[in-house]
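Have the viewer open as you read.

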Amino acid sequence: LPLCSAERSNLAGVQHVLLVLSGKGGVGKSTVATELALALRVAGKRVGILDVDLCGPSIPRMFRVQESAVHQCDSGWVPVFAHQDKTISLMSIGFLLEKPDDAVVWRGPKKNALIKQFVSDVAWGELDFLIVDTPPGTSDEHISTVEALRPHKPLGAILVTTPQAVSVGDVRRELTFCKKTGLRVLGIIENMSGFVCPHCSECTNIFSKGGGEELAKHAGVPFLGSVPLDPQLSQSLEDGRDFIQEFPKSSAFPALAHIAQQILDGTSPQSS
Amino acid sequence: DCPGTGSAQAGSATACQGCPNQRLCAAGAAPDPAEAAELRARLRSVKHTVLVLSGKGGVGKSTFSALLARGLAARDDKQVALLDIDICGPSVPRMMGLEGEQVHQSGSGWSPVYVEENLGVMSVGFLLSSPDDAVIWRGPKKNGLIKQFLRDVDWGEVDYLIIDTPPGTSDEHLSIVQYLSAAHVDGAVIITTPQEVSLQDVRKEINFCRKVKLPIIGVVENMSGFICPKCKNESQIFPPTTGGAEKMCQNLNISLLGKVPLDPQIGKSCDKGQSFLAEVPESPATSSYRSIIQRIQEYCDLQHSQEEKII
């Protein structure tokens, strides 16, 4: 794919860049990126999601656009729009695969090359927020993404964990990664925090409870909230539906809305 | 045309001339004959090797690897080794109750850390001095450590070598398959959860296995339903909207080894470094795990042991 030299950087029109990170896999990074984007959209913001998980790209399906393809324009790649009104734009390797089950079996250098292109060659246009969804770990994708984004002064990173010690253990390492790379930590989210049985309302802490909140306290970073396990949220992601608009009474909604509000409060003109 | 960065010709095919990646592809290639011989010698004492894979993170690979190792080691006459090649997120030490342990060197190489006399473990976790230490390495450095784990760890005579992996289809996975090509791998156990968001990644992992000719022992569907301890009703927290692992296995002609329900005690035991199988023997999840472990053991027993293989 040709590297375009745009006169103006493709990220010049992006107000705020934020990364969603976790040392741990399967804690809900893509879920948080998706729901945050949907909530910010309801608040009138234009949002983009850059999915740099090259081996396991989840974002296309979460917006029901997994069949879409990417087109080129003069300034680079045109992102895929999740809605008619173009308020959420997406870029993911998922859109570049010939078949959805094709495995991307690449070593680091090839991954790094595509990530550089993803950061510089997507014609995002004017965005209030660009959310970068990442794979678990502290390796090639993370190093390359942070390096490529550095000139664009990202706002910072949201770290997602589940409550149990095994997850928190990995997220502690991610905090170190942020410190070493000079990435500000906007806060920690404790996901899959408790499950309320829809039949009898008994709450069971399937993946334990409190570990994310304790980690935030221990590390001296903001705690953005606990999001409970919510089968309606899982179903919504499976179907690529807009959970924020369609299920405002569901158990995960209040926490997710609160997270978005904190991001908005943190980036409003009054705050500095 | 590009032979593929994972192929044996990566970096050396005619099409590679002039490719900016050429040098790097060639550097990541399969071990040279001397290295291959070294690895083969070290792994000669290993009878059965099982890789635990998933395209998706957080589905329970490490949990399963730990329980598989413990389950196999329940027989005193079997020697089991658990190797954790998740370099960035090593979960195995905690799950095996070995947090804070360090690796010791002897004349014959690195000593694994022993949980029981017949169950030894190796992980990058044992090389870190603090729980906050992050391993911020690019691919080539990770590959180097994985090679060292295979070459320098003195496992001794081992009946089962279980290898826990990070999610994905990248450096760690290519490297372990390439380095193990000097030895015999019985196959891979693939872990998933029921929802399509997981399955879509797992299908890629299955394609990876087929590409590198790694036999698939079967698939384990984890987090398969939750029974409320109070009212006993079942909830599908991770709904199998596209038929779950069962349908995927049917479509791809792969064995479904079993389904394991969610049980809060699983996470608790992992956090405490205890064996869930021993702590909660009456849980339905325990019976599922035991039956799956049994099937894997039977599969391995059908394979030729390493000594019998003509090299």
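## The sheet in chain B

In this predicted model, B:Ala81 sits opposite B:Gly120, a residue of strand 6 of chain B. That puts us in the pairing of strand 2 (residues 80-84) with strand 6 (residues 119-123) of chain B, which is parallel and runs over five bridges.

Zoom out and you'll find an open sheet of eight strands in chain B, ordered 5-6-2-7-1-8-9-12, with mixed pairing. Strand 5 (113-116) and strand 12 (256-259) of chain B are at the edges with a single partner strand each, so each has one side without a neighbour in the sheet. From one strand to the next, the twist averages 20 degrees. Helix 8 (residues 244-252) of chain B packs on this sheet, touching strand 8 (187-192), strand 9 (216-221) and strand 12 of chain B. The direction of helix 8 makes about 155 degrees with that of strand 9 of chain B.

## Where chain B meets chain A

The contact draws on 63 residues from chain B and 57 residues from chain A. Between them they bury about 5,100 Å², with carbon and sulfur atoms giving 56% of that area. On the chain B side, B:Ile136, B:Arg138 and B:Lys204 supply 14% of the area buried against chain A, more than any other three residues.

## Charges and polar contacts

There are six salt bridges between chain B and chain A. One salt bridge joins the side chains of B:Arg138 and A:Asp140, at 3.4 Å from N to O. Polar contacts between chain B and chain A come to 27 residue pairs.

Definitions and conventions: Residues are numbered from 1 along each chain as its sequence is written. Chains are lettered from A and ligands numbered from 1 in the order in which they are written. This is a predicted model: local features need pLDDT of at least 70, side-chain atom pairs count only at pLDDT 80 or more; totals for chains, interfaces and linings use all residues. Side-chain values use heavy atoms; hydrogens and water are left out. Contact means heavy atoms within 4.5 Å. Buried area is the accessible area (1.4 Å probe) that two parts lose on being put together, summed over both. A salt bridge is a side-chain nitrogen of Lys or Arg within 4 Å of a carboxyl oxygen of Asp or Glu. A polar contact is a pair of N or O atoms within 3.5 Å; within protein, one must be able to donate a hydrogen and the other to accept it, and residues adjacent in sequence count only if both atoms are side-chain atoms. Two strands pair if DSSP finds at least two bridges between them. Helices (H or I, at least four residues) and strands (E, at least two) are DSSP runs, numbered from the N terminus. Axes are lines fitted to C-alpha atoms, for helices over the stretch in contact, and angles run from 0 to 180 degrees between N-to-C directions.
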